[in-house]
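Visitor: I would like to learn how to read the strands, the core and the pocket of a model like this one. Please show it first.

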Amino acid sequence: MGAAHLLCFCTHLFLFVQQSSGQTQKTPAEWDSRQADQFPNPLLNNTKCQVSSPMRICDPNSVLPSQTREESNNLLKSIEGLVILGDPSDKKCLCSRDCPQPTIIMIVALMKCLNKDVHDQWVETKEIAEKFRELWKLDDCSVILASANDNKKYYLNPGKAVVGFLTSNVTDGINNEVNKTFMDGKLASGIELTVTYYSQALNDTVMVETTSQGGDPSPATGATYAIVIILVVVLGILIVAILIFIYRKHRQAQVQKDLKKKESSANKETELQVLKPEA
């Protein structure tokens, strides 16, 4: 019996130590950039992120309901079919992942709130997103969205390859478009809008390889827009040139008309002087 009691005691002691260890490692509910390394990596830890594989969203504080979280995760995964192209003829990728051409990855990190002693909440959210990018070794073809739900603060951090491909005007425009949704506390809708806008932007600028044999890549929609803009500018220059030409012709005709009037007046004065009787 003594051995059985000893075994029972050891078992309870082990469980107590395990529970105590789990409590000390509990995921914080309040965050700042100093705690970024405690936030679960969504690419590696689906249990703590509370989402099934493949993981693209991490919600350790249960900010979203379980079903909504899974739906958002699937939505984030769907954007990975869109390609950020390099030169299709070579094997150099824009990112560190294996060729063929790399695809965009979008990661969402959801925090309940920021620590109360944080001075500038927006700057802190930005720094947290940048820390996540560094800690999780996200490449330049990734977009990370960090959100502090209770503070209604978020930061959208696209990688250099994404910004370089779409231009900063497009990525900043997307940020402005989704800002109001996040500020209204509509987190799931904000994630959906972010995916939608990035999908549209990539589809509008992506180079599509032609199916015809020996065909060159067809120009992107973005290139078509550029050609249209150039044509409009050239047309505008031609119209201005024509208007200037018409104005000059009209001006010359007016000057000639004025000269003729002056000559006519001068001739009349001369005739009057000739006809005037001498005193």
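**Strands, core and pocket**

Guide: I105, I107, A109 and M111 point one way from β3, M106, V108 and L110 point the other way, and all are buried. Buried means under 20% relative accessible area, exposed over 50% and partly exposed in between, with a 1.4 Å probe and protein chains only. Helices (H or I, at least four residues) and strands (E, at least two) are DSSP runs numbered from the N terminus. This is a predicted model, in which local features need pLDDT of at least 70, side-chain atom pairs count only at pLDDT 80 or more, and totals for chains, interfaces and linings use all residues. Residues are numbered from 1 along each chain as its sequence is written, and side-chain values use heavy atoms, with hydrogens and water left out.

Visitor: Why is β3 described as largely enclosed by the rest of the structure?

Guide: In a regular strand the side chains alternate between the two faces of the sheet. For β3, 7 of the 7 residues are buried, so the strand is largely enclosed by the rest of the structure.

Visitor: Which strands pair with β3 or β5, and in what sense?

Guide: Two strands pair if DSSP finds at least two bridges between them. β3 (residues 105-111) and β5 pair in the parallel sense over 7 bridges, with A148 of β5 as the bridge partner of M111. β2 also runs parallel to β3, joined by 2 bridges; there, C58 has A109 as its partner in β3. β5 and β6 run antiparallel, with 6 bridges, and A148 is bridged to K153 in β6.

Visitor: Is β5 covered on one face or on both?

Guide: On both: S142, I144, A146 and A148 on one side are buried, as are V143, L145 and S147 on the other.

Visitor: What lies between β5 and β6?

Guide: The two strands form a hairpin with 4 residues between them, and K152 in the turn has a positive phi of about 55°. N151 is in this loop, between β5 (142-148) and β6 (153-158). N151 counts as buried because its relative accessibility is 17%. Leaving aside residues up to four places away in sequence, N151 touches C113, L114 and Q121, a contact being heavy atoms within 4.5 Å.

Visitor: Which residues of the largest nonpolar core touch the most other members?

Guide: In soluble globular proteins, nonpolar side chains tend to be buried together. A nonpolar core is a set of buried Ala, Val, Leu, Ile, Met, Phe, Trp, Tyr and Cys residues joined through side-chain atoms within 4.5 Å. Here the largest has 45 residues, of which F39, I57, F132, W136 and Y198 touch the most other members. The largest share of this core, 7 residues, comes from β3.

Visitor: Which elements each supply at least two residues of the lining of the largest pocket?

Guide: β6 and α6 (168-183) do. The residues lining this pocket include W122, Y154, D172 and Y198.

Technical notes. 1 Å grid on protein atoms, 1.4 Å probe; cavity = no way out; pocket = protein on both sides within 12 Å on 5 of 7 lines; lining within 4 Å.
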